[in-house]
Amino acid sequence: MAKMMMLQQSQPSLSLLTSSLSDFNGAKLHSQVQYKRKVQQPKGALYVSASSEKKILIMGGTRFIGIFLSRLLVKEGHQVTLFTRGKSPIAKQLPGESDQDFADFSSKILHLKGDRKDYDFVKSSLSAEGFDVVYDINGREAEEVEPILDALPKLEQYIYCSSAGVYLKSDVLPHCEVDAVDPKSRHKGKLETESLLQSKGVNWTSIRPVYIYGPLNYNPVEEWFFHRLKAGRPIPVPNSGIQISQLGHVKDLATAFLAVLGNEKASREIFNISGEKYVTFDGLARACAKAGGFPEPEIVHYNPKEFDFGKKKAFPFRDQHFFASVEKAKHVLGWKPEFDLVEGLTDSYNLDFGRGTFRKEADFTTDDMILSKKLVLQ
């Protein structure tokens, strides 16, 4: 039987930091409803749109994207339930978040414990609860989504976290939402999920992020660079280093997820979400150094074909040009990323790595192979 839990204010926090960071970037959260007149707000402040209270289910929600998204939804007055296996704490105190703000959030968030691959349980528990909106943050396969749709025939909107990795590799960039997709990509499950949503006739919206970075990131994106900068090591970059990529801040991604909620313009639509500008691999190394207050980094270029790294990943990005247009989201949703790259990396460094909270141990094995062999491309 489904187990629904309300977290109490007495729940111990994961971090007892005294500084106040009620929103995402040090500015107080604004709970007033804004209508036609826009009010200029500090970078990272919460913009709350006019909408009725919804009963919302987030599939996942205890890591990275979901942590920031759930706070936005709760602040807007929605009833938010996280569906997880219960292996991680349901509410995590953000770096710099006051104890009071964390207690207020954790007292409102709900939890439905279960395994989303236990399809009978998903159907019975979701049918019993009933939800207006589902945010699917951790769905990877279409078969994981169908039981949710079956359980909620009156669902108002299904908002899916897909990936820009579904696009077919192309010489013509940036990727746009109408571009060809690759049915053989490692994200084919997400592509099949989008197809399922289209075929079911439900009101759906799909978000395709590129590379996501920011505080609490469990993927070694910016952390990979910060590890090497903090250790005073050279940064090995494959080939020429002028490969162009794109990163989007997790807080900007969260506001995009909020912008599609109940938005008729987002109905049955796909949106690329990331930063507005693109960056080379070498440029990213320099941006990370600037964000963390490090000196100009030593960048070592190498030819990956000259090495056998085994199963180890020598560099955290795909070795190609890879970036997408966010113009559709800007024009249709009125969404705009607030963080430029250096600002976002500074936010990530200060709230995570500057406090010594690296999530993964540094592994310089592949670096040492590259540096010792000294196969450097000029």
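Student: What share of the 378 residues of the protein counts as buried?

Tutor: This is a predicted model: local features need pLDDT of at least 70, side-chain atom pairs count only at pLDDT 80 or more, and totals for chains, interfaces and linings use all residues. Numbering runs from 1 along each chain as its sequence is written, and side-chain values use heavy atoms, with hydrogens and water left out. Buried means under 20% relative accessible area, exposed over 50%, and partly exposed in between (1.4 Å probe, protein chains only). For the 378 residues of the protein, the buried share is 53%.

Student: How many helices and strands does the protein have?

Tutor: Both are DSSP runs, numbered from the N terminus: helices are H or I with at least four residues, strands E with at least two. The count for the protein is 11 helices and 14 strands.

Student: Among contacts between residues at least 6 apart in sequence, what percentage joins residues at least 24 apart?

Tutor: Contact means heavy atoms within 4.5 Å. Take the contacts between residues at least 6 apart in sequence; the part that joins residues at least 24 apart is 80%.

Student: How do the axes of H1 and H2 lie, roughly parallel or roughly perpendicular?

Tutor: Axes are lines fitted to C-alpha atoms, for helices over the stretch in contact, and angles run from 0 to 180 degrees between N-to-C directions. The axes of H1 (residues 65–75) and H2 (residues 99–106) come within 10 Å and cross at roughly 80°. Under 35 degrees counts as roughly parallel, over 145 as roughly antiparallel, 65 to 115 as roughly perpendicular, and the rest as oblique. H1 and H2 are therefore roughly perpendicular.

Student: Which residues of H2 make the contact with H1?

Tutor: H1 brings Ser70, Arg71, Val74 and Lys75. By class, the contact has three nonpolar, one polar and three charged residues. Nonpolar covers Ala, Val, Leu, Ile, Met, Phe, Trp, Tyr, Cys and Pro; charged covers Asp, Glu, Lys and Arg; the others, Gly among them, are polar. From H2 come Phe102, Asp104 and Phe105.

Student: How much space lies in the largest pocket?

Tutor: On a 1 Å grid over the protein atoms alone, a cavity is a set of points where a 1.4 Å probe fits but cannot get out; a pocket is an open set with protein on both sides within 12 Å along at least five of seven lines, and lining residues have an atom within 4 Å of a point. Points are joined across faces, edges and corners, and the volume is the space filled by probe spheres set on them. For the largest pocket, that space is about 1500 Å³.

Student: Which element gives the largest share of the lining of the largest pocket?

Tutor: The lining has 47 residues, with Arg63, Ile137, Arg140, Tyr218 and Asn219 closest to the centre. By class, the lining has 17 nonpolar, 16 polar and 14 charged residues. Strand E3 (79–84), helix H5 (188–200) and strand E8 (211–213) are the elements that give two or more residues. The largest share, three residues, comes from H5.

Student: Which residues does Leu126 touch beyond four places in sequence?

Tutor: Leu126 lies in helix H3 (residues 119–129) and is buried, with 0% relative accessible area. Its C-alpha is 9.1 Å from that of Leu57, 69 residues away along the chain. The contacts of Leu126 are Leu57, Phe83, Leu112, Phe121, Phe131, Ile148, Ala151 and Leu152.

Student: Is Val145 buried or exposed?

Tutor: Val145 sits in the loop between E5 (133–136) and H4 (146–151). Not counting residues up to four places away, Val145 touches Arg116, Asp136, Tyr158, Thr193, Leu196 and Leu197. The relative accessible area is 0%, so Val145 is buried.

Student: How far apart in space are Lys154 and Gly130, C-alpha to C-alpha?

Tutor: Lys154 is in the loop between H4 and E6. At 77% relative accessibility, Lys154 counts as exposed. Lys154 and Gly130 are 24 residues apart in sequence, and their C-alpha separation is 8.4 Å.

Student: What is the omega of the peptide bond from Leu173 to Pro174?

Tutor: Most peptide bonds are trans. Pro174 lies in the loop between E6 (157–161) and H5. The bond from Leu173 to Pro174 is cis, with omega near 5°.

Student: What is the phi of Asn239?

Tutor: Most residues other than glycine have a negative phi. Asn239 is in the loop between E9 (235–238) and E10 (244–245) and, at 26% relative accessibility, counts as partly exposed. Its phi is positive, near 55°.
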